[in-house]
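Here are a few notes to read alongside the coordinates.

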Amino acid sequence: MRGKYELDNRKYVIGGIAIGIILIYLVRLFTLQLLSEDYKRNADSNAFMRRIQYPARGAISDRNGKLLVYNQPAYDLMVVMVEQRGVDTLDLCQSLGIGVDWYERRMNEIKDPIRNPGYSPYTQQLFMSQLSTEEFSRFQEKLFLFPGFYIQKRSIRQYSYPYAAHILGDVGEVGPSDIERDEYYRSGDYIGKLGVERAYETQLRGEKGSEILLRDARGRIKGRYQDGKYDVAPVPGKNLTLTLDIRLQALGERLMKGKIGSIVAIEPETGEVLCMVSSPTYDPRQMVGRQRGKSHARLSADPMKPLLNRAISGRYPPGSTFKTSQGLTFLQEGIISPTGTSYPCTHGFHFGRLTVGCHAHPSPLTLVPAIATSCNGYFCWGLYHMLSNRKKYSTVQEAMTRWKDYMVSMGFGYRLGIDLPGEDRGMIPNAAYYDKAYRRSWNGVTVISIAIGQGEVGLTPLQIANLGATIANRGYYVTPHVVKGIQGEQIDTAFLVKHRTMVSPSNYEWAVQGMRAAVTGGTCRAANSAMYEVCGKTGTAENRGHDHSVFMGFAPKDNPKIAIAVYVENGGFGAVYGVPIGALMMEQYINGGLSDASEARAREFEERTINYGNQIR
């Protein structure tokens with residue numbers, strides 16, 4: 001009896017196990033067939049092929065309607081891995097002009113789930129990108145010999161001019177991080193890598209479409225499923241209009257040829273960037289098609305760093321252009337009065353053993369002639385008296401914090417927020433910085449070099465140009481931006497707001513007078529024009545080798561149309577390179593071109609290069 005009882009129990013156990021296995025299989029089949037998209041996709045791929053329809057990327061034009069970037073047809077070669085078995089590899093490679101090693105390496109990359117997230121052998125994968133029309137035509141004739149390979153029509157960017165590479169940017173193939181960050185992309189897609197192409201990627205890229213094609217039992221395409229009833233048309237990307245004036249940009253790049261540095265020009269009233277030159281630069285047409293990888297590697301290895309956008313990523317001592325911000329701060333804080341305060345400058349600022357040198361000019365000076373002659377002594381004494389004033393500030397730290405607040409209100413020390421990637425914040429030191437550096441044992445003399453734009457102060461050329469725009473506007477700036485309009489969209493309201501500084505408009509008039517005097521009889525005389533009133537300020541930023549040549553200015557004095565900063569590394573005095581280059585740029589924009597005499601001068605500066613062994617020629 002006992003044996004029979006155990007046998008009956010065993011029967012139930014075995015039966016239960018069998019039922020459990022059946023239930024597991026049923027659940028798994030239910031999951032695969034009804035819940036799993038992968039199974040459905042793989043099953044559908046036997047009868048259908050879903051082909052992505054890529055949208056046309058938005059075109060880019062300058063402020064005057066000149067087309068800068070457009071599209072040209074190109075073709076990608078796609079492969080479905082489960083269908084390409086039995087392909088004559090050698091014939092395929094010869095037809096495409098590639099080596100067998102390249103073919104095998106590419107196939108391994110496609111099947112690598114790390115390098116190609118979301119890989120499926122049943123869906124199209126990018127094998128070779130951006131075949132030209134000629135390459136496509138030759139290969140199309142033999143395509144039937146290579147089952148599993150398909151042609152996908154795409155487009156590549158083309159550039160109308162060899163200018164503005166740092167602003168326009170370029171387009172390249174997505175990486176794993178791009179795919180992980182945005183489900184819109186899949187392996188083989190393209191994305192903006194730099195400049196406007198990256199900053200406005202979502203507007204430029206458009207929306208993908210798709211078409212469903214029928215296949216027979218041998219995988220051959222038989223036509224569109226239900227005459228395209230379920231196809232989705234792509235939505236083209238939106239066109240962009242830039243604030244850029246391409247003629248002004250072209251002149252700037254000519255003038256900076258053979259030099260390291262930057263030119264930034266802004267329309268003061270709107271914050272629109274009229275030109276942004278970073279030198280050395282490169283032709284954006286080098287970054288098109290399959291040559292992009294080699295071009296990028298070559299430019300990356302160049303010690304002159306042509307890929308670096310110095311206009312927004314370069315941090316420089318602003319030199320004497322910074323003195324305008326100091327004078328404005330001292331005025332607003334009541335440290336000086338515009339006509340009643342004068343400071344001596346006997347070839348510089350002297351305090352104990354410390355001397356900050358200066359060039360020969362009359363002494364003592366009030367504010368306007370101090371700006372005009374770029375007097376070091378005046379602004380050093382002004383900062384010393386501000387940081388040492390214990391009637392207004394209880395400690396040097398409190399005074400320094402107040403000084404820093406003025407600088408930040410003028411757009412220094414933080415990113416301005418331009419609509420381009422890679423902007424540097426610059427450097428404005430604060431009390432905590434000096435407390436740490438000097439263990440709280442410091443005073444106005446210790447940090448006196450910041451009064452003349454040296455020491456720890458660092459600005460980008462964009463920030464220097466924005467200072468010019470702020471003075472031109474008598475106390476406010478609009479966030480600089482490079483996109484003027486987006487097709488079908490309103491511009492970001494952040495680019496319409498007026499950012500007012502802590503200085504009153506009436507005090508800005510004194511800075512304007514000083515900058516005008518610098519042009520009529522001071523350090524910027526080479527910028528003077530009989531056609532309009534120019535206001536300017538030179539800078540000679542100290543450097544281990546030759547000093548940097550800097551100019552900041554705007555024109556006309558009233559109702560200004562352009563504010564500009566020119567920064568030439570190792571260019572010497574501001575009047576050597578900065579001022580004449582700035583003058584030519586302002587004439588080009590205000591008059592719509594250069595006179596014959598100015599054009600001859602422009603050719604002279606185009607040919608005048610700098611030997612970066614610290615010898616100017």
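1. Where does Pro364 lie? Please keep in mind that this is a predicted model. Pro364 sits in the loop between strand E14 (354–357) and helix H14 (367–373). The peptide bond that joins Ser363 to Pro364 is cis, with omega at about -5 degrees.

2. A cis bond also joins Ala555 and Pro556, and here omega is about -15 degrees. Pro556 belongs to the loop between E19 and E20. Both spots deserve a look, because most peptide bonds are trans.

3. On to the backbone angles. Ser374 is not a glycine, yet its phi is positive, at about 60 degrees. You will find Ser374 in the loop between H14 and helix H15 (376–387). With a relative accessibility of 5%, Ser374 counts as buried.

4. Arg474 likewise has a positive phi of about 60 degrees without being a glycine. The loop that holds Arg474 runs between helix H18 (461–472) and strand E15 (476–478). Arg474 is buried, its relative accessible area being 12%. For context, most residues other than glycine have a negative phi.

5. Now for the sheet. Five strands make up an open sheet, ordered E12-E11-E20-E19-E18, with antiparallel pairing. Strand E12 (272–279) and strand E18 (535–541) are the edges, each pairing on one side only. From one strand to the next, the twist averages 5 degrees.

6. Within that sheet, seven bridges link E18 with strand E19 (residues 548–555) in the antiparallel sense. Lys537 has Met552, in E19, as its bridge partner. Helix H20 (residues 578–591) lies across strand E11 (261–267), E12, E18, E19 and strand E20 (562–568). The helix runs at about 145 degrees to E20.

7. Salt bridges come next, and the count is 31. In one of them, the side chains of Arg57 and Glu201 meet at 2.5 Å, N to O. This pair links distant parts of the chain, 144 residues apart: Arg57 is in the loop between strand E1 (48–53) and strand E2 (60–61), and Glu201 is in helix H9 (residues 201–205). Both Arg57 and Glu201 are buried.

8. Asp178 and Arg181 form a salt bridge, with their closest N and O atoms 2.7 Å apart. Both lie in helix H7 (residues 176–181), three residues apart, or about one turn of the helix. Asp178 is buried at 9% relative accessible area, whereas Arg181 is exposed at 61%.

9. Which residue does Glu109 meet in a salt bridge? The partner is Arg115, at 3.6 Å from N to O. Arg115 counts as exposed because its relative accessible area is 51%, and the cut-off is over 50%.

10. Two surface items to finish. Ile19, Ile22, Leu23 and Leu26 form a nonpolar patch with about 400 Å² of accessible area together. Ile19 is part of helix H1 (residues 2–35) and is exposed, at 52% relative accessible area. Arg138, in helix H5 (residues 133–140), is exposed as well, at 54% relative accessibility. Arg138 and Leu96 are 42 residues apart in sequence, with their C-alpha atoms 8.8 Å apart in space.

Note on methods. Residues numbered from 1 in each chain as written. Predicted model: local features only at pLDDT ≥ 70, side-chain atom pairs only at ≥ 80, totals over all residues. Heavy atoms only, no water. Pairing = 2+ DSSP bridges. Helix = DSSP H or I, 4+ residues; strand = E, 2+ residues; numbered from the N terminus. Axes fitted to C-alpha atoms, helices over the stretch in contact; angles between N-to-C directions. Contact = heavy atoms within 4.5 Å. Patch = residues over 30% accessible without salt bridge, like charges linked within 9 Å, V, L, I, M, F, W, Y side chains within 5 Å. Areas by Shrake-Rupley, 256 points an atom, 1.4 Å probe, with all protein chains shown as cover. Salt bridge = Lys/Arg side-chain N within 4 Å of Asp/Glu carboxyl O. Buried < 20%, exposed > 50% of the residue type's maximum accessible area, 1.4 Å probe, protein only.
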